[in-house]
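Subject: Structure handover

Hello,

Here is the structure we talked about. My notes follow below it.

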Amino acid sequence: MTQRLYAAFLNLQGKDCIVVGGGTVAERKVIALLECGAHVRVISPDLTPHLQRLVCGGQVTHVARRYRRGDVKQAAVVIAATDSLDVNQAVADEADEHRIWVNVANLPERCTFVVPSVVRRGPLSIAITTSGMSPAVTKLVREELESQFGPEYELYLQKMGEVRKRLKSTVADENVRREVFRRIARSDVLALIREGNVVEADRRIAEIMRRQKLT
Ligand SMILES: C[C@@]1(CC(=O)O)c2cc3[nH]c(cc4nc(cc5[nH]c(cc(n2)[C@H]1CCC(=O)O)[C@@](C)(CC(=O)O)[C@@H]5CCC(=O)O)C(CC(=O)O)=C4CCC(=O)O)c(CCC(=O)O)c3CC(=O)O
Ligand SMILES: NC(=O)C1=CN([C@@H]2O[C@H](COP(=O)(O)OP(=O)(O)OC[C@H]3O[C@@H](n4cnc5c(N)ncnc54)[C@H](O)[C@@H]3O)[C@@H](O)[C@H]2O)C=CC1
């Protein structure tokens, strides 16, 4: 049976992350780390043109040589993304010794975490994994979800977040709060935002709150 993976979202803001290798796979992982505010150090004798630009722009630190034992310590996560099984294995060994979470691009069985495919719509993040069974299917599922969950989720969640914040500080009864959130979620607010009818969406939210005597 496939190993069941525990799902979690890491807060890597300001955390040091090490990526060994500077090819296309490393590039994809580096971009995803930067988008989450991580400090990234790439250890590789060469870089893709895009990684090179990130180094020139100061967004990424580059150690321009091959991996050496001793490179992997004091990092939040390590990604071994070279095209060599031996090198990636050595990186994984060192990470394991230091109990650092490690992702190994070409050895799924050595990953202590795998990188999922992610659909992002503002604060909504949907992560997908096939537990290493088929990245091609993972990508396909992402594309399907992207067509299902459109850009309207960003504004919708912003509004839900505002209502939630307001009610948490003004309505003491948790059951009342839960009922309001449930009603908004089951209403046509999302559909109205999708149609671009934001004024009507706001009106609908206000109406639901009024019915609960909250405004
Ligand atoms: C275990 C894992 C480790 C990890 O990297 O975390 C892993 C491992 C491997 N991937 C391989 C191949 C491909 N990977 C992709 C794409 C992605 N791979 C990603 C994650 C993962 N890949 C982790 C498990 C994810 C899960 O559990 O589902 C994604 C989701 C995230 C990301 O990398 O950012 C990103 C999709 C981004 C998107 O949404 O588009 C494509 C598609 C393409 O390129 O078009 C292909 C070719 C098609 C195919 O092989 O299916 C190979 C074989 C190489 C070979 O054949 O030798 C290995 C090694 C092996 O399996 O041995
Ligand atoms: N996990 C994933 O999502 C995927 C993984 N892969 C696998 O990942 C591996 C990497 O793929 P690509 O990025 O396309 O390869 P690539 O050939 O584009 O890049 C390899 C990089 O590793 C560097 N490298 C080699 N030896 C090194 C060392 N000793 N120290 C530091 N850096 C070193 C190279 O200089 C190069 O920058 C391959 O084995 C490939 O099969 C492929 C597709 C997807």
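Ligand 2 has 21 residues around it, and Gly21, Gly23, Val25, Ala105 and Asn106 are the closest. A residue counts as near a molecule if its C-beta atom, placed from the backbone, lies within 6 Å of it. By class, this shell holds 10 nonpolar, 8 polar and 3 charged residues. Nonpolar means Ala, Val, Leu, Ile, Met, Phe, Trp, Tyr, Cys and Pro; charged means Asp, Glu, Lys and Arg; the others, Gly among them, are polar. Helix H1 gives the largest share of the shell around ligand 2, with 3 residues.

Please keep in mind that this is a predicted model, in which local features need pLDDT of at least 70, side-chain atom pairs count only at pLDDT 80 or more, and totals for chains, interfaces and linings use all residues. Residues are numbered from 1 along each chain as its sequence is written, while chains are lettered from A and ligands numbered from 1 in the order in which they are written.

Next, ligand 1. Its shell has 22 residues, with Val115, Ser117, Pro135, Ala136 and Thr138 nearest. H1 (24-35) and H4 (135-148) each supply at least two residues of that shell. H4 gives the most, 5 residues. The classes here are 9 nonpolar, 9 polar and 4 charged.

Now the overall build. The protein has 8 helices and 7 strands. These are DSSP runs, numbered from the N terminus: helices are H or I with at least four residues, strands are E with at least two. The domain assignment gives domain 1 (16-115) and domain 2 (152-211). Such bounds come from an automatic or database assignment. The centres of the two domains, taken over C-alpha atoms, are 42 Å apart. The radius of gyration is 22 Å, whereas a compact globule of 215 residues would be near 17 Å. That radius is taken over C-alpha atoms, and the globule rule is 2.2 Å times the number of residues to the power 0.38.

On to the strands. Strand E1 (residues 16-20) has 4 of its 5 residues buried. Buried means 20 or more other C-beta atoms within 10 Å of the residue's own, exposed means 12 or fewer, and partly exposed is in between, with C-beta atoms placed from the backbone. E1 pairs in the parallel sense with strand E2 (residues 39-43) over 5 bridges. Strands pair if DSSP finds at least two bridges between them. Cys17 has Val40 in E2 as its bridge partner. From E1 the chain passes through H1 to E2 in a right-handed β-α-β crossover. Right-handed means that, with the strands pointing away from the viewer, the path from the first strand over the helix to the second runs clockwise.

E1 also pairs in the parallel sense with strand E4 (residues 77-80), over 4 bridges. There, Val19 is partnered by Ile79. In E4, Val77 and Ile79 point one way, Val78 and Ala80 the other, and all are buried. Side chains in a regular strand alternate between the two faces of the sheet. E4 runs parallel to strand E5 (residues 101-104), joined by 4 bridges. Val78 stands opposite Val102 in E5. The chain goes from E4 through helix H3 (residues 85-97) to E5, again with a right-handed β-α-β crossover.

One last residue. Gly22 sits in the loop between E1 and H1. Why does Gly22 count as buried? Because Gly22 has 24 C-beta neighbours inside 10 Å.

Best wishes
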